[in-house]
Amino acid sequence: MSKSGAAKRYAIALFELAKENNQVAKFDQEVRIVKEVIEENGEIAKALESPNLSLADKQALVNTLAAHASTAVLNTLKLLVERRRADEIGTVCEEFIQLSNEERGMAEAIVYSARPLTEAEAASVSQTFARKVGKQTLTIENIVDSNVLGGLKVRIGNRIFDGTLQGKLDRLQKQLTTNL
């Protein structure tokens with residue numbers, strides 16, 4: 001059994017619990033905070049995975065990590081630690097966020113640009129690309145990339161829409177060389 005399969009099952013169980021209690025948005029926010037804390041502080045992940053730390057100490061660490069979280073989210077994290085799946089907390093969080101986004105008709109996009117996008121530009125990109133991927137809205141993370149001379153590169157899941165100047169030049173070069 002692959003780890004991502006187990007992580008998906010935990011995420012689905014937590015998501016179904018959130019739906020039953022009409023708390024999908026609340027759980028989503030809590031899970032995002034847990035994911036962010038774990039990603040920003042690798043020492044927490046190492047401690048949770050360490051065989052030198054007792055289960056009680058790991059549970060105490062989870063209590064501190066998710067002190068803000070609801071009982072269901074906290075219990076899910078404790079269960080992952082208890083079952084020696086602490087290394088999957090980040091994956092469970094990602095899977096839950098994906099399920100939550102699907103439920104709300106949302107998707108997450110990374111937009112690479114030469115300069116920071118204004119709010120109006122971000123809203124326009126969100127509206128335009130949300131339709132292309134069959135979603136109602138996009139949550140945009142704008143990354144300023146000095147390699148982008150002009151235009152945008154939008155990544156939604158595993159789909160990439162390359163409207164950068166370099167991308168257009170590359171496509172033109174490929175088209176010209178195949179026609180010769």
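Predicted model: local features only at pLDDT ≥ 70, side-chain atom pairs only at ≥ 80, totals over all residues.
## Nonpolar cores

In soluble globular proteins, nonpolar side chains tend to be buried together. The largest nonpolar core here holds 29 residues. Val34, Ile89 and Phe96 are the residues with the most contacts inside this core. At least two of its residues come from each of helix 1 (3-20), helix 2 (24-40), helix 3 (42-49), helix 4 (55-65), helix 5 (71-82) and helix 6 (89-103).

Leaving aside residues up to four places away in sequence, Ile89 touches Val34, Ile38, Leu48, Leu77, Leu80 and Val81. Another core, of 12 residues, lies apart from the largest one. Its members include Ala109, Leu117, Val125 and Phe161.

## Surface patch

Leu149, Leu165, Leu169, Leu172 and Leu176 make a nonpolar surface patch of about 480 Å². One of these, Leu172, belongs to helix 8 (residues 165-179). Leu172 has a relative accessible area of 43%, so Leu172 counts as partly exposed.

## Loop residues with positive phi

Asn22 sits in the loop between helix 1 and helix 2. The phi angle of Asn22 is near 50 degrees, a positive value in a residue other than glycine. Asn22 is exposed because its relative accessible area, 71%, is over the 50% cut-off.

Arg84 lies in the loop between helix 5 and helix 6. Phi of Arg84 is also positive, near 60 degrees, again in a residue other than glycine. With a relative accessibility of 76%, Arg84 is exposed.

Terms used: Residues numbered from 1 in each chain as written. Heavy atoms only, no water. Patch = residues over 30% accessible without salt bridge, like charges linked within 9 Å, V, L, I, M, F, W, Y side chains within 5 Å. Areas by Shrake-Rupley, 256 points an atom, 1.4 Å probe, with all protein chains shown as cover. Salt bridge = Lys/Arg side-chain N within 4 Å of Asp/Glu carboxyl O. Helix = DSSP H or I, 4+ residues; strand = E, 2+ residues; numbered from the N terminus. Buried < 20%, exposed > 50% of the residue type's maximum accessible area, 1.4 Å probe, protein only. Core = buried A, V, L, I, M, F, W, Y, C linked by side-chain atoms within 4.5 Å. Contact = heavy atoms within 4.5 Å.
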